[in-house]
Amino acid sequence: MILNTLCLKVNPVKPEADKITLAAAFIRKSELVAFPTETVYGLGALAFDPAAVKKIFLAKERPADKPLLVHISKLEQLAGLVKSIPADARLLMDRFWPGPLSIILPAREEVPAIVRGGKNTVGLRMPSHPVALALIEAAGPIAAPSANLFSRPSPISAEHVKADLDSRIAVILDAGTTGLGLESTIIDMSGMDYQILRRGGIPEEALREVLGVSLKFLNSSTKEKEILQKSRSLVLVCKDMNQLESSICEYEKTNKKVAVVHNNYSNQHINANVFREYQVDLDGISIEESHQQSLYSILRDAEEQGIDVLLFAPFPSNLSGTASAWLERIKNAAGMEI
Ligand code: TXA
Ligand code: MG
């Protein structure tokens, strides 16, 4: 079905009540609303409305067995979603919520199976973005994945959402670019061993500090295979500067449009001409001005510029914190083992 997507500009700090009320009315009518969070834009439907949640899968072309995170605005909403809140989960909630941490716990049967992707667990997230919180407060718990077509880079602006989902969804709440530009960290606390399923906005070290236990990270052999963030440009990560420079020469000889992505750890100077140079700051992702250089923006910009090959300058070997989360996303885009 082709919809006339309504794009509403909303104040990111103090969202206008009438706009939130309007968006919440769409959500309650089983329509889809894209909204900003402090990580990336989400595509929301009422969590307890399976027919509406189904529309998310159709709009995104997302496989049905991939569960959705349920976004809440206050702890009381947990009672309808999970059977109990283990003490360790409560510690993390108290410390990191609202904020970019998603926690997986055993679900109540009342949580629609379509939200859980058929599993007996549910992923919970309390975002800190004022627009997200206001929308949830007005509508109730919202199931939301990132607001991109399946396997495309996550959107950090309303323009990105529009590029993927225009005429597929009812409303886009446009609050400008999102703060982190990197998704939430996901920790699975549904079993005895806690596992980090996805690195993201809250560094693993911070979780370990609060929990005082070692955390497992599922490596690619045991992890449910993360689908590649499809990019129309060929993405390559170079081992060293020599490889970077020889790759530039090689691709330019065949008339390919080449761009280089530097990072704050790499030697900036290259002895070659390329169509475009980007800069990604692996540590400074929350710096407001760095939005245009967010990895996801770079991937989308490179496509718009018709860049054939996107060469990433080398990374240091032992990155930690959010830098390691970024490296994971970059390797994913390059189709490398994580
Ligand atoms: O920052 C974020 O987390 C953004 C914003 C919009 O909140 N959301 C997001 O959602 O990235 P999504 O659906 O694009 O990624 C969530 C990941 C998916 O890979 C999904 O399979 C996994 O979380 N997930 C959700 N619920 C799960 C569950 N019960 N068990 C295992 N994995 C789960
Ligand atoms: Mg996603």
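This is a predicted model: local features need pLDDT of at least 70, side-chain atom pairs count only at pLDDT 80 or more; totals for chains, interfaces and linings use all residues.
Okay, let's start with a question: how far is a nitrogen atom of ligand 1 from an N or O atom in the side chain of Thr 121? In this model, that separation comes out at 3.1 Å.

Thr 39 has a polar side-chain atom sitting 2.7 Å from an oxygen atom of ligand 1. Ser 184 also puts a polar side-chain atom by a ligand oxygen, and there the distance is 2.5 Å.

Next, the overall layout. The protein chain splits into domain 1, residues 6–218, and domain 2, residues 226–333. If you take the centres over C-alpha atoms, the two domains are 28 Å apart. On the contact itself, domain 1 brings 25 residues and domain 2 brings 24 residues.

How much area gets buried between domain 1 and domain 2? It's about 2,100 Å², with carbon and sulfur atoms giving 50% of that. On the domain 1 side, have a look at Ser 151, Arg 152 and Pro 153: they supply 27% of the area that domain 1 buries against domain 2, more than any other three residues.

Now for what holds hands across that boundary. Side chains of opposite charge can pair when their charged atoms come close. Between domain 1 and domain 2 the count is four salt bridges. As for polar contacts, eight residue pairs turn up across the interface, with both partners at pLDDT 80 or more. Which helix gives the largest share of the domain 1 side that touches domain 2? That would be helix α6, residues 158–165, with three residues.

One more salt bridge to find on your screens is Arg 329 with Glu 183, where the side chains meet at 3.0 Å, N to O.

Zooming out, a search of the whole structure gives 15 salt bridges. Another pair to click on is Glu 31 and Lys 55, whose closest N and O atoms are 3.6 Å apart. Glu 31 is in the loop between α1 (17–28) and β2 (33–35) and Lys 55 is in helix α2 (residues 50–60), so this pair ties together parts that are 24 residues apart in sequence.

Most residues other than glycine have a negative phi, and most peptide bonds are trans. With that in mind, look at Trp 97 and Pro 98, which are joined by a cis peptide bond with omega at about -10°. Pro 98 is in the loop between α3 (87–96) and β5 (101–106).

Then there's Glu 61, not a glycine, with a positive phi of about 60°. You'll find Glu 61 in the loop between α2 and β4 (69–71). Asn 255 isn't a glycine either, and it has a positive phi of about 60°. Where does Asn 255 sit? In the loop between α8 (241–253) and β13 (258–263).

That's my tour, thanks.

Note on methods: Residues are numbered from 1 along each chain as its sequence is written. Chains are lettered from A and ligands numbered from 1 in the order in which they are written. Side-chain values use heavy atoms; hydrogens and water are left out. Domain bounds come from an automatic or database domain assignment. Contact means heavy atoms within 4.5 Å. Buried area is the accessible area (1.4 Å probe) that two parts lose on being put together, summed over both. A polar contact is a pair of N or O atoms within 3.5 Å; within protein, one must be able to donate a hydrogen and the other to accept it, and residues adjacent in sequence count only if both atoms are side-chain atoms. Helices (H or I, at least four residues) and strands (E, at least two) are DSSP runs, numbered from the N terminus.
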